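Subject: Handover of a structure, with notes on what was found

Dear colleague,

I am passing this structure on to you and would be glad if you could look it over before reading further. My notes come after it.

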Amino acid sequence: MEGASAFKTPCKQSGVRTPIRTPIAIPASPFMQKLGCGTGVNVYLMKRVGKQTHSPWAIKKINSRCAKTNLDIYQKRLSEEAKILKGLHHPNIVGFRAFTTAKDGSKCLAMEYGGEQSLNDLIEKRNEEAGGAFPAKTIEKVALHVALGLQYLHNEKKLLHGDMKSCNVVIKGDFEAIKICDVGVSLHLDENMKVSDPGVTYVGTEPWKPKEALEEDGIITDKADIFAYGLTLWEMMTLSVPHLEMLESEDDDDDSFDEADFDEDLYYESLGTRPALDTESLGPSYQRMVELFCLCTNEDPRKRPSAAQIVQVLQSYQKVDDKNNDVIIID
(Lines give C-alpha, C1' and ligand atoms only; values in the text may rest on other atoms or scores of the structure.)
Protein backbone atom coordinates (compact mmCIF):
# COMPACT_ATOMS: atom_id res chain seq x y z
CA MET A 1 0.00 0.00 0.00
CA GLU A 2 3.01 2.22 -0.38
CA GLY A 3 1.58 3.83 -3.51
CA ALA A 4 -1.72 4.56 -1.80
CA SER A 5 0.02 6.49 0.96
CA ALA A 6 1.14 9.05 -1.61
CA PHE A 7 -2.47 10.12 -2.13
CA LYS A 8 -3.55 12.32 0.73
CA THR A 9 -6.71 14.32 1.20
CA PRO A 10 -5.80 17.93 0.39
CA CYS A 11 -6.08 20.31 3.30
CA LYS A 12 -8.36 23.30 2.94
CA GLN A 13 -6.24 26.43 2.63
CA SER A 14 -7.32 29.17 4.96
CA GLY A 15 -7.82 32.64 3.57
CA VAL A 16 -7.93 31.51 -0.09
CA ARG A 17 -11.24 31.96 -1.88
CA THR A 18 -12.09 30.78 -5.36
CA PRO A 19 -13.68 33.64 -7.31
CA ILE A 20 -17.23 32.97 -8.42
CA ARG A 21 -18.01 34.24 -11.90
CA THR A 22 -21.60 35.37 -12.27
CA PRO A 23 -22.98 34.87 -15.79
CA ILE A 24 -23.77 38.15 -17.55
CA ALA A 25 -27.45 38.32 -18.43
CA ILE A 26 -28.27 40.89 -21.11
CA PRO A 27 -32.00 41.73 -21.15
CA ALA A 28 -34.00 41.75 -24.38
CA SER A 29 -33.84 45.05 -26.28
CA PRO A 30 -37.40 46.22 -25.37
CA PHE A 31 -36.41 46.19 -21.69
CA MET A 32 -33.49 48.58 -22.15
CA GLN A 33 -33.44 52.31 -22.88
CA LYS A 34 -32.18 53.07 -26.37
CA LEU A 35 -29.24 55.48 -26.34
CA GLY A 36 -28.50 55.71 -30.03
CA CYS A 37 -27.83 53.84 -33.23
CA GLY A 38 -25.23 53.40 -35.93
CA THR A 39 -24.75 51.50 -39.15
CA GLY A 40 -26.45 48.17 -38.50
CA VAL A 41 -26.35 48.51 -34.70
CA ASN A 42 -28.32 49.95 -31.79
CA VAL A 43 -26.90 51.04 -28.43
CA TYR A 44 -28.87 50.56 -25.21
CA LEU A 45 -28.49 51.50 -21.56
CA MET A 46 -28.33 48.49 -19.25
CA LYS A 47 -28.98 49.24 -15.58
CA ARG A 48 -27.53 46.44 -13.49
CA VAL A 49 -30.30 45.61 -11.04
CA GLY A 50 -29.22 44.94 -7.46
CA LYS A 51 -25.78 46.44 -7.96
CA GLN A 52 -26.25 49.94 -6.65
CA THR A 53 -22.53 50.56 -6.31
CA HIS A 54 -21.88 49.63 -9.94
CA SER A 55 -22.32 51.97 -12.87
CA PRO A 56 -24.62 51.05 -15.78
CA TRP A 57 -23.31 49.66 -19.07
CA ALA A 58 -23.87 50.63 -22.68
CA ILE A 59 -24.87 47.59 -24.77
CA LYS A 60 -24.23 47.51 -28.51
CA LYS A 61 -26.35 45.00 -30.44
CA ILE A 62 -26.91 44.23 -34.10
CA ASN A 63 -30.12 45.86 -35.33
CA SER A 64 -32.65 43.05 -35.76
CA ARG A 65 -34.14 44.87 -38.76
CA CYS A 66 -30.92 45.02 -40.77
CA ALA A 67 -30.83 43.05 -44.02
CA LYS A 68 -29.74 39.43 -43.63
CA THR A 69 -27.19 39.95 -46.40
CA ASN A 70 -25.37 42.48 -44.18
CA LEU A 71 -25.76 40.54 -40.92
CA ASP A 72 -22.44 38.70 -41.22
CA ILE A 73 -20.60 41.97 -41.94
CA TYR A 74 -22.02 43.69 -38.86
CA GLN A 75 -21.40 40.64 -36.65
CA LYS A 76 -17.79 40.53 -37.82
CA ARG A 77 -17.38 44.25 -37.11
CA LEU A 78 -18.86 43.86 -33.63
CA SER A 79 -16.56 40.93 -32.85
CA GLU A 80 -13.56 42.90 -34.13
CA GLU A 81 -14.57 45.94 -32.09
CA ALA A 82 -14.82 43.79 -28.94
CA LYS A 83 -11.37 42.35 -29.60
CA ILE A 84 -9.82 45.80 -30.10
CA LEU A 85 -11.68 47.50 -27.26
CA LYS A 86 -10.62 44.80 -24.79
CA GLY A 87 -7.00 45.88 -25.27
CA LEU A 88 -7.63 49.61 -24.80
CA HIS A 89 -7.34 51.32 -21.43
CA HIS A 90 -7.49 55.12 -21.51
CA PRO A 91 -9.66 57.71 -19.71
CA ASN A 92 -10.69 59.28 -23.03
CA ILE A 93 -11.78 56.04 -24.69
CA VAL A 94 -14.91 54.11 -23.72
CA GLY A 95 -13.87 50.96 -21.83
CA PHE A 96 -14.60 47.30 -22.57
CA ARG A 97 -16.82 45.37 -20.14
CA ALA A 98 -17.89 42.11 -21.82
CA PHE A 99 -18.69 40.38 -25.11
CA THR A 100 -21.53 37.96 -24.64
CA THR A 101 -24.79 36.58 -26.02
CA ALA A 102 -28.18 38.06 -25.13
CA LYS A 103 -31.27 36.01 -24.29
CA ASP A 104 -32.49 36.42 -27.86
CA GLY A 105 -29.29 34.81 -29.17
CA SER A 106 -27.70 37.98 -30.56
CA LYS A 107 -24.10 38.94 -29.83
CA CYS A 108 -23.69 41.95 -27.55
CA LEU A 109 -20.77 44.21 -26.74
CA ALA A 110 -21.03 45.59 -23.21
CA MET A 111 -19.11 48.83 -22.73
CA GLU A 112 -18.49 51.48 -20.13
CA TYR A 113 -21.37 53.95 -20.01
CA GLY A 114 -19.37 56.97 -21.10
CA GLY A 115 -22.12 59.57 -21.00
CA GLU A 116 -25.75 60.45 -21.53
CA GLN A 117 -25.36 61.89 -25.02
CA SER A 118 -23.05 61.95 -27.99
CA LEU A 119 -21.41 65.20 -29.01
CA ASN A 120 -23.62 65.08 -32.10
CA ASP A 121 -26.74 64.95 -29.91
CA LEU A 122 -25.58 68.10 -28.12
CA ILE A 123 -24.79 69.83 -31.41
CA GLU A 124 -28.25 69.07 -32.79
CA LYS A 125 -29.92 70.21 -29.57
CA ARG A 126 -27.96 73.47 -29.56
CA ASN A 127 -28.82 74.04 -33.21
CA GLU A 128 -32.54 73.54 -32.52
CA GLU A 129 -32.33 76.06 -29.69
CA ALA A 130 -30.42 78.52 -31.92
CA GLY A 131 -27.67 78.64 -29.32
CA GLY A 132 -24.84 79.42 -31.71
CA ALA A 133 -21.32 78.01 -31.52
CA PHE A 134 -20.26 76.25 -28.33
CA PRO A 135 -18.13 78.44 -26.05
CA ALA A 136 -14.48 78.51 -27.13
CA LYS A 137 -13.34 77.02 -23.81
CA THR A 138 -15.73 74.08 -24.23
CA ILE A 139 -14.40 73.39 -27.73
CA GLU A 140 -10.82 73.59 -26.42
CA LYS A 141 -11.65 71.06 -23.70
CA VAL A 142 -13.18 68.64 -26.20
CA ALA A 143 -10.22 69.21 -28.54
CA LEU A 144 -7.70 68.28 -25.82
CA HIS A 145 -9.52 65.21 -24.50
CA VAL A 146 -10.20 63.77 -27.96
CA ALA A 147 -6.60 64.47 -29.00
CA LEU A 148 -5.37 62.62 -25.89
CA GLY A 149 -7.47 59.62 -26.92
CA LEU A 150 -6.14 59.75 -30.49
CA GLN A 151 -2.56 60.10 -29.26
CA TYR A 152 -3.02 56.91 -27.24
CA LEU A 153 -4.52 55.05 -30.21
CA HIS A 154 -1.89 56.22 -32.70
CA ASN A 155 1.29 56.16 -30.63
CA GLU A 156 0.75 53.43 -28.04
CA LYS A 157 -1.65 51.06 -29.79
CA LYS A 158 -0.71 51.80 -33.41
CA LEU A 159 -4.38 52.05 -34.36
CA LEU A 160 -6.24 54.41 -36.67
CA HIS A 161 -9.73 55.08 -35.30
CA GLY A 162 -11.07 55.26 -38.84
CA ASP A 163 -14.37 57.06 -38.20
CA MET A 164 -13.83 60.21 -36.14
CA LYS A 165 -16.87 62.50 -35.96
CA SER A 166 -19.14 64.05 -33.33
CA CYS A 167 -21.35 60.92 -33.29
CA ASN A 168 -18.40 58.91 -31.97
CA VAL A 169 -17.63 61.16 -29.01
CA VAL A 170 -19.72 60.62 -25.87
CA ILE A 171 -20.21 63.33 -23.26
CA LYS A 172 -21.05 62.95 -19.59
CA GLY A 173 -22.93 65.77 -17.89
CA ASP A 174 -21.69 69.28 -18.63
CA PHE A 175 -18.58 68.01 -20.43
CA GLU A 176 -17.35 66.41 -17.19
CA ALA A 177 -16.07 63.43 -19.17
CA ILE A 178 -15.28 63.20 -22.90
CA LYS A 179 -14.62 59.81 -24.49
CA ILE A 180 -14.07 58.41 -27.97
CA CYS A 181 -16.24 55.42 -28.87
CA ASP A 182 -16.90 53.04 -31.80
CA VAL A 183 -13.56 51.49 -32.74
CA GLY A 184 -15.22 48.85 -34.91
CA VAL A 185 -13.60 50.03 -38.15
CA SER A 186 -10.14 50.76 -36.71
CA LEU A 187 -7.10 49.91 -38.83
CA HIS A 188 -3.64 48.86 -37.70
CA LEU A 189 -0.73 51.26 -38.28
CA ASP A 190 2.91 50.38 -38.91
CA GLU A 191 5.96 52.09 -37.39
CA ASN A 192 5.66 54.86 -40.03
CA MET A 193 2.04 55.56 -39.05
CA LYS A 194 0.74 54.11 -42.32
CA VAL A 195 -2.05 51.52 -42.47
CA SER A 196 -0.09 48.27 -42.29
CA ASP A 197 -2.38 46.11 -44.47
CA PRO A 198 -2.79 47.57 -47.99
CA GLY A 199 -5.72 45.23 -48.59
CA VAL A 200 -8.01 46.75 -45.95
CA THR A 201 -10.50 49.53 -46.65
CA TYR A 202 -10.83 52.82 -44.81
CA VAL A 203 -14.53 52.96 -43.95
CA GLY A 204 -15.08 56.36 -42.32
CA THR A 205 -18.17 58.47 -42.96
CA GLU A 206 -18.34 60.36 -46.25
CA PRO A 207 -18.56 64.03 -45.10
CA TRP A 208 -15.59 63.51 -42.73
CA LYS A 209 -13.34 61.64 -45.17
CA PRO A 210 -9.98 63.20 -46.09
CA LYS A 211 -8.87 63.55 -49.69
CA GLU A 212 -6.53 60.54 -49.51
CA ALA A 213 -9.42 58.27 -48.46
CA LEU A 214 -11.40 59.35 -51.51
CA GLU A 215 -8.58 58.63 -53.96
CA GLU A 216 -8.16 55.16 -55.43
CA ASP A 217 -4.47 54.91 -54.54
CA GLY A 218 -4.53 57.22 -51.52
CA ILE A 219 -2.11 56.38 -48.71
CA ILE A 220 -3.93 56.21 -45.37
CA THR A 221 -2.00 57.30 -42.29
CA ASP A 222 -2.75 58.55 -38.79
CA LYS A 223 -3.41 61.94 -40.42
CA ALA A 224 -6.74 60.63 -41.77
CA ASP A 225 -8.04 60.74 -38.19
CA ILE A 226 -6.65 64.26 -37.79
CA PHE A 227 -8.62 65.56 -40.78
CA ALA A 228 -11.87 64.15 -39.36
CA TYR A 229 -10.90 65.48 -35.91
CA GLY A 230 -10.57 68.98 -37.40
CA LEU A 231 -14.04 68.68 -38.92
CA THR A 232 -15.39 67.61 -35.52
CA LEU A 233 -14.16 70.92 -34.08
CA TRP A 234 -15.78 72.66 -37.08
CA GLU A 235 -19.07 70.96 -36.16
CA MET A 236 -18.94 72.56 -32.71
CA MET A 237 -18.33 76.00 -34.21
CA THR A 238 -20.99 75.79 -36.93
CA LEU A 239 -23.53 73.26 -35.56
CA SER A 240 -23.60 71.73 -39.03
CA VAL A 241 -22.59 68.58 -40.90
CA PRO A 242 -19.48 69.12 -43.05
CA HIS A 243 -20.15 69.89 -46.72
CA LEU A 244 -23.93 69.92 -46.33
CA GLU A 245 -24.04 73.67 -45.75
CA MET A 246 -25.16 74.16 -49.37
CA LEU A 247 -28.58 72.85 -48.29
CA GLU A 248 -29.14 75.85 -46.05
CA SER A 249 -31.06 78.73 -47.55
CA GLU A 250 -31.88 82.08 -45.98
CA ASP A 251 -35.08 82.27 -48.04
CA ASP A 252 -36.32 78.89 -46.86
CA ASP A 253 -38.47 79.20 -43.73
CA ASP A 254 -39.19 75.50 -43.26
CA ASP A 255 -36.84 72.64 -42.43
CA SER A 256 -38.16 70.27 -45.09
CA PHE A 257 -35.66 68.68 -47.46
CA ASP A 258 -36.20 69.14 -51.17
CA GLU A 259 -34.02 66.81 -53.23
CA ALA A 260 -34.01 69.38 -56.03
CA ASP A 261 -32.10 71.78 -53.74
CA PHE A 262 -29.24 69.33 -53.30
CA ASP A 263 -26.36 69.93 -55.70
CA GLU A 264 -24.84 66.46 -55.84
CA ASP A 265 -21.91 67.51 -58.03
CA LEU A 266 -20.99 70.35 -55.67
CA TYR A 267 -21.25 68.03 -52.66
CA TYR A 268 -18.89 65.40 -54.08
CA GLU A 269 -16.52 68.09 -55.30
CA SER A 270 -16.30 69.54 -51.78
CA LEU A 271 -15.52 66.22 -50.04
CA GLY A 272 -11.99 66.07 -48.64
CA THR A 273 -11.65 69.86 -48.62
CA ARG A 274 -11.81 72.42 -45.81
CA PRO A 275 -15.38 73.74 -45.40
CA ALA A 276 -15.96 77.47 -45.04
CA LEU A 277 -15.98 79.02 -41.57
CA ASP A 278 -17.29 82.47 -40.64
CA THR A 279 -14.44 83.52 -38.36
CA GLU A 280 -15.66 87.12 -38.00
CA SER A 281 -18.92 86.10 -36.35
CA LEU A 282 -17.05 83.77 -33.99
CA GLY A 283 -14.79 86.49 -32.61
CA PRO A 284 -11.21 86.54 -31.25
CA SER A 285 -11.81 84.05 -28.42
CA TYR A 286 -12.06 81.27 -31.04
CA GLN A 287 -8.72 82.07 -32.71
CA ARG A 288 -6.93 79.03 -31.27
CA MET A 289 -9.62 76.61 -32.42
CA VAL A 290 -9.90 78.25 -35.85
CA GLU A 291 -6.14 77.88 -36.33
CA LEU A 292 -6.21 74.26 -35.17
CA PHE A 293 -9.14 73.49 -37.48
CA CYS A 294 -7.25 74.99 -40.44
CA LEU A 295 -4.08 73.02 -39.68
CA CYS A 296 -5.93 69.73 -39.27
CA THR A 297 -7.96 70.08 -42.47
CA ASN A 298 -5.04 70.72 -44.82
CA GLU A 299 -5.59 68.61 -47.95
CA ASP A 300 -1.96 67.49 -47.78
CA PRO A 301 -1.79 64.96 -44.90
CA ARG A 302 1.94 65.65 -44.43
CA LYS A 303 1.11 69.21 -43.38
CA ARG A 304 -1.40 68.17 -40.72
CA PRO A 305 -0.16 67.95 -37.12
CA SER A 306 0.01 64.62 -35.32
CA ALA A 307 -2.20 63.91 -32.31
CA ALA A 308 0.88 64.17 -30.07
CA GLN A 309 1.71 67.63 -31.44
CA ILE A 310 -1.87 68.78 -30.90
CA VAL A 311 -1.80 67.55 -27.29
CA GLN A 312 1.49 69.35 -26.65
CA VAL A 313 0.15 72.67 -27.96
CA LEU A 314 -3.24 72.44 -26.22
CA GLN A 315 -1.64 71.54 -22.90
CA SER A 316 0.70 74.52 -23.22
CA TYR A 317 -2.35 76.74 -23.81
CA GLN A 318 -3.93 75.24 -20.70
CA LYS A 319 -0.87 76.05 -18.58
CA VAL A 320 -0.84 79.65 -19.80
CA ASP A 321 -4.56 80.02 -19.05
CA ASP A 322 -4.16 78.50 -15.58
CA LYS A 323 -1.30 80.89 -14.85
CA ASN A 324 -3.33 83.90 -16.02
CA ASN A 325 -6.25 82.80 -13.86
CA ASP A 326 -4.16 82.72 -10.68
CA VAL A 327 -5.45 85.30 -8.24
CA ILE A 328 -2.93 87.15 -6.10
CA ILE A 329 -4.40 88.72 -2.98
CA ILE A 330 -2.43 91.59 -1.45
CA ASP A 331 -3.41 92.72 2.04
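The notes below go through strands, cores, a helix and salt bridges in turn.

Please keep in mind throughout that this is a predicted model.

Strands

Five of the six residues of β5 are buried, so that the strand is mostly covered. In the hairpin that β4 and β5 form, five residues lie between the strands, and Gly105 there takes a positive phi near 90°.

A further set of pairings involves strand β8 (residues 169-172), which runs antiparallel to strand β6 (residues 117-118) with two bridges between them, and which pairs with strand β9 (residues 177-180), also in the antiparallel sense, over four bridges. Gln117 is bridged to Ile171 in β8, and Val170 stands opposite Lys179 in β9. The hairpin of β8 and β9 has four residues between its strands, and Gly173 takes a positive phi near 60° in it.

Nonpolar cores

The largest nonpolar core holds 63 residues, and those with the most contacts inside it are Leu88, Val146, Phe175, Tyr229, Met237 and Leu292. Helix α3 (residues 136-156) gives the largest share of this core, with 11 residues. If residues up to four places away in sequence are left aside, Leu292 touches Ala143, Tyr229, Leu233, Ile310 and Leu314. There is also a second, separate core of nine residues, among them Leu160, Met193, Val195 and Ala224.

Helix α5

Helix α5 (residues 223-238) is mostly covered, with 15 of its 16 residues buried. At 1.5 Å a residue its 16 residues should span 22 Å, and the C-alpha atoms at its ends are 23 Å apart, which agrees. Just after α5, Leu239 takes a positive phi of about 60°.

Salt bridges

A search of the whole structure finds eight salt bridges. In one of them, the side chains of Arg288 and Glu140 meet at 3.4 Å, N to O; Arg288 lies in helix α8 (residues 287-296) and Glu140 in helix α3, so this pair ties together parts that are 148 residues apart in sequence. Arg288 is partly exposed, at 21% relative accessible area, whereas Glu140 counts as buried at 12%. Both residues also belong to a network of salt bridges that links Lys137, Glu140, Arg288 and Asp321.

Another salt bridge joins Glu212 to Arg304, with the closest N and O atoms 2.8 Å apart. This pair likewise links distant parts of the chain, as Glu212 is in helix α4 (residues 211-214) and Arg304 is in the loop between α8 and α9 (307-324), 92 residues apart. Glu212 is buried, with a relative accessible area of 5%, and Arg304 counts as buried at 2%.

Lys165 and Asp163 form a salt bridge as well, at 3.7 Å from N to O. Here Lys165 is buried with a relative accessible area of 13%, and Asp163 counts as buried at 10%.

With kind regards

Key
Residues numbered from 1 in each chain as written. Predicted model: local features only at pLDDT ≥ 70, side-chain atom pairs only at ≥ 80, totals over all residues. Heavy atoms only, no water. Pairing = 2+ DSSP bridges. Core = buried A, V, L, I, M, F, W, Y, C linked by side-chain atoms within 4.5 Å. Buried < 20%, exposed > 50% of the residue type's maximum accessible area, 1.4 Å probe, protein only. Contact = heavy atoms within 4.5 Å. Expected span 1.5 Å × (residues − 1). Salt bridge = Lys/Arg side-chain N within 4 Å of Asp/Glu carboxyl O.
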